[in-house]
Amino acid sequence: MATAEQLKALLKSYSENDEERFYAVAMQVAAHAARQGHGKLAQEMRELIDASKAKGPKSQRGERAPVPVVQPRGELAGLLSVSYPKTRLADMVLEPTLRARLERILLEQRQREKLLTHGLAPRRKILLVGPPGTGKTLTARALAGELSQPLFAVLLDGLITKFMGETAAKLRVVFDALQRTRGVYLFDEFDALGSQRTSPKDVGEIRRVLNSFLQFLEQDESESLIIAATSHVELLDRALFRRFDDILEYSLPDEAQAEQLLRARLAMLDTRRVTWKQVLEATRGLSYAEIVRACEDAAKDVVLSDSDEVTTRGVLDALEARRGRQP
Ligand SMILES: Nc1ncnc2c1ncn2[C@@H]1O[C@H](COP(=O)(O)OP(=O)(O)OP(=O)(O)O)[C@@H](O)[C@H]1O
């Protein structure tokens with residue numbers, strides 16, 4: 001029989017439409033069955049997998065692909081990119097206070113009518129701060145997924161450099177869209193916009209852009225959730241902070257969080273012989289994103305060597321290789 005972890009991984013890859021992972025886990029289940037002496041069952045499973053694969057990717061089988069409900073057009077197309085994430089908060093490893101605060105935002109969003117009838121406004125303007133790879137973008141995806149709303153990523157680079165001189169006008173276009181189409185709007189790498197007014201690099205343009213942004217943010221009474229994310233909180237002008245309903249801080253994972261992440265990402269493989277203590281020590285100083293990539297590398301090595309057993313050495317090497325890539 002498949003292990004509980006394998007079943008979980010199977011269900012997760014199915015719900016995320018990750019066909020490749022689904023087949024990989026299914027093959028692991030078959031291998032597991034074979035090792036347990038259920039050769040016939042294992043063979044049947046492999047045949048079912050091969051038959052399904054032979055039909056080609058599901059997305060190309062003439063089945064209806066999900067049709068995006070909204071697609072930015074015209075001027076907006078260069079300013080917003082839309083996606084419809086299926087991510088849930090439960091997919092993230094989060095420090096308990098942070099999880100509670102995100103759940104609070106969701107609760108207020110879900111109960112907005114109730115709050116509004118009592119003259120109360122739900123939290124809507126959120127600032128996320130913390131080092132790269134700690135889940136700020138993933139949070140925006142999870143909030144959109146939980147609320148079944150589209151995620152609009154604001155293309156800040158385009159906004160500032162491409163339309164130099166017209167940036168405030170472009171910002172207005174974004175805020176108009178935000179009013180018209182309810183969704184989760186992510187201003188990622190927000191520091192590009194909100195750099196300190198006194199910074200030497202800071203010429204008039206950035207200051208004007210920042211001021212317009214602050215004004216738009218303040219005036220905005222839409223139903224959309226506005227999320228600004230930055231890895232450089234020190235670059236932000238303090239004046240920005242009071243315009244947000246909530247400021248959430250992200251940090252690198254501690255050992256318990258790293259373990260949760262590693263176990264979840266290696267769930268489709270056999271990790272029974274891994275010495276977690278040693279592995280966890282090696283995760284120190286790495287971000288969630290780096291640990292996830294190390295898991296992918298370690299898992300690929302296992303699969304490519306026709307095994308399903310993760311070794312301590314394998315994970316340590318993958319983590320070390322990721323650390324080597326740090327700037
Ligand atoms: N808290 C987390 N729980 C689970 N996975 C995570 C978490 N944080 C990051 N990841 C993994 O790392 C990837 C990159 O994370 P994300 O883009 O959200 O980081 P970020 O904080 O927005 O970084 P940046 O500042 O570089 O944009 C995610 O897609 C996910 O695979």
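What is the mean pLDDT of the protein? It is 85, and 89% of the residues reach 70 or more, where pLDDT is the predictor's confidence in each residue, from 0 to 100. This is a predicted model, in which local features need pLDDT of at least 70 and side-chain atom pairs count only at pLDDT 80 or more, while totals for chains, interfaces and linings use all residues. To follow the tour, note that residues are numbered from 1 along each chain as its sequence is written. The model scores ipTM 0.97 and pTM 0.77.

**Domains**

Begin by colouring domain 1 (1–64), domain 2 (74–249) and domain 3 (253–320), with bounds that come from an automatic or database domain assignment. Next select domain 1 and domain 3, whose centres, taken over C-alpha atoms, are separated by 22 Å. Eight residues of domain 1 are in contact with five residues of domain 3, two residues being in contact if their C-beta atoms, placed from the backbone, lie within 7 Å. On the domain 1 side, α1 (4–15) and α2 (19–35) each supply at least two residues; helices are DSSP runs (H or I, at least four residues), numbered from the N terminus. By class, this side of domain 1 has four nonpolar, two polar and two charged residues, with Ala, Val, Leu, Ile, Met, Phe, Trp, Tyr, Cys and Pro counted as nonpolar, Asp, Glu, Lys and Arg as charged, and the others, Gly among them, as polar.

**Helices α2 and α3**

Axes here are lines fitted to C-alpha atoms, for helices over the stretch in contact, and angles run from 0 to 180 degrees between N-to-C directions. The crossing of α2 and α3 is left-handed, meaning that the near helix is turned anticlockwise from the far one by less than a right angle, whereas clockwise would be right-handed. Residues to show in this contact include Tyr23, Met27 and Ala30 of α2 and Leu41, Met45 and Ile49 of α3. By class, the contact of α2 with α3 holds 11 nonpolar, one polar and two charged residues.

**A stretch to treat with care**

Select residues 62–68, where pLDDT stays under 50 and the model has five contacts beyond four places in sequence. Where pLDDT is low, the predicted coordinates should not be read in detail.

**Helices α4 and α6**

Move on to α4 (residues 96–110) and α6 (residues 136–147), whose axes come within 11 Å and cross at roughly 35 degrees, in a right-handed crossing. Leu102, Ile105, Leu106 and Gln109 of α4 meet Thr139, Leu143, Glu146 and Leu147 of α6, a set with five nonpolar, two polar and one charged.

**Helices α13 and α14**

Finish with α13 (residues 288–304) and α14 (residues 312–324), whose axes come within 8 Å and cross at roughly 135 degrees. The contact includes Arg293 and Asp297 of α13 and Leu319 and Arg322 of α14, and by class it has seven nonpolar, one polar and five charged residues.
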